[in-house]
Amino acid sequence: MDKLKGEACSEAETNLARRSMDSGIYIVTLNNEQPISVNAQDPRIADRAIKVTKQNCKVGKAKNLYIREKNYFRTFGKENVNFKPIAFVENIEIAEKAILSRLECYRVRGRTGRKNERLEGISSDEVLDMYLRS
């Protein structure tokens with residue numbers, strides 16, 4: 001069952017999601033000052049990918065929030081990652097598209113000019129507030 005709109009995930013719900021196979025939408029922020037490639041875990045393509053710092057945040061979807069968090073740890077280092085599930089939903093594609101459409105002007109363009117889920121010029125708190133009001 002989807003989380004009711006306007007309700008943030010409690011700490012207990014977040015911990016439950018981390019132990020289970022819950023799908024959902026999350027916000028991730030970083031702590032690093034120096035830019036890190038979003039593909040740092042793959043040296044073959046790391047230098048061609050966008051680089052991010054604590055100035056960026058990301059809204060994303062995951063079929064398994066626990067596994068997605070671990071992937072961020074592998075790429076950026078556990079000490080640099082702040083991963084927060086914001087909604088537990090079954091239809092993650094629709095939910096992600098809805099929030100990203102409201103964040104269009106904050107989305108970072110990659111080398112090809114395509115917009116991705118990385119955001120700049122907006123804080124994670126502002127993103128969460130926007131999500132809760134939508």
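Student: Happy to look at this predicted model with you. In which strand does threonine 29 lie?

Tutor: Good place to begin. The strand in question covers residues 24-30, and threonine 29 falls inside that range. The element is strand 1.

Student: Is threonine 29 buried or exposed?

Tutor: Buried means under 20% relative accessible area. Threonine 29 has a relative accessible area of 16%, so the residue counts as buried.

Student: Which residues is threonine 29 in contact with, leaving aside neighbours within four places in sequence?

Tutor: With those neighbours set aside, several partners remain for threonine 29. They are Asn56, Cys57, Asn80, Val81, Asn82 and Ser124.

Student: In what order do the five strands of the open sheet run?

Tutor: The pairing in this sheet is antiparallel. Its edge strands, each pairing on one side only, are strand 5 (81-88) and strand 6 (107-109). From one strand to the next, the twist averages 35 degrees. The order is 5-1-4-7-6.

Student: Which helix packs on the sheet?

Tutor: Look for the helix that touches strand 1, strand 4 (56-62), strand 5 and strand 7. Its direction makes about 160 degrees with that of strand 5. That is helix 2.

Student: Which residue in strand 7 is the bridge partner of lysine 58?

Tutor: Strand 4 and strand 7 pair in the antiparallel sense over three bridges. Lysine 58 has its bridge partner in strand 7, and that partner is arginine 118.

Student: And what is the bridge partner of arginine 109 in strand 7?

Tutor: Here the pairing is between strand 6 and strand 7 (residues 115-120), antiparallel over two bridges. The partner of arginine 109 is lysine 115.

Student: Which glycine in the turn between strand 6 and strand 7 has a positive phi?

Tutor: These two strands form a hairpin, with five residues between them. The phi in question is about 95 degrees, and the residue is glycine 113.

Student: How many disulfides does a search of the whole structure find?

Tutor: Let's take the cysteines along the way. Cysteine 57 is buried, as its relative accessible area is 3%, whereas cysteine 105 is exposed at 66%. For disulfides, the search gives a count of zero.

Student: Why does lysine 84 count as partly exposed?

Tutor: Lysine 84 lies in strand 5, and beyond residues up to four places away in sequence it touches Tyr26, Ile27 and Leu128. Partly exposed is the range between the buried limit of 20% and the exposed limit of 50%. Lysine 84 falls in that range because its relative accessibility is 38%.

Student: How far apart in space are lysine 84 and serine 124?

Tutor: In sequence, lysine 84 and serine 124 are 40 residues apart. In space, taken C-alpha to C-alpha, the distance is 9.7 Å.

Student: Which element of the chain has the lowest mean pLDDT?

Tutor: For the chain, the mean pLDDT is 86, and 84% of residues reach 70 or more. Over residues 1-6 the pLDDT is below 50. Among the elements, helix 2 (residues 65-76) has the highest mean, 96, while the lowest, 58, belongs to helix 1 (residues 11-19).

Note on methods: Residues are numbered from 1 along each chain as its sequence is written. This is a predicted model: local features need pLDDT of at least 70, side-chain atom pairs count only at pLDDT 80 or more; totals for chains, interfaces and linings use all residues. Side-chain values use heavy atoms; hydrogens and water are left out. Helices (H or I, at least four residues) and strands (E, at least two) are DSSP runs, numbered from the N terminus. Buried means under 20% relative accessible area, exposed over 50%, partly exposed in between (1.4 Å probe, protein chains only). Contact means heavy atoms within 4.5 Å. pLDDT is the predictor's confidence in each residue, from 0 to 100. Two strands pair if DSSP finds at least two bridges between them. Axes are lines fitted to C-alpha atoms, for helices over the stretch in contact, and angles run from 0 to 180 degrees between N-to-C directions. A disulfide is a pair of cysteine sulfur atoms within 2.5 Å.
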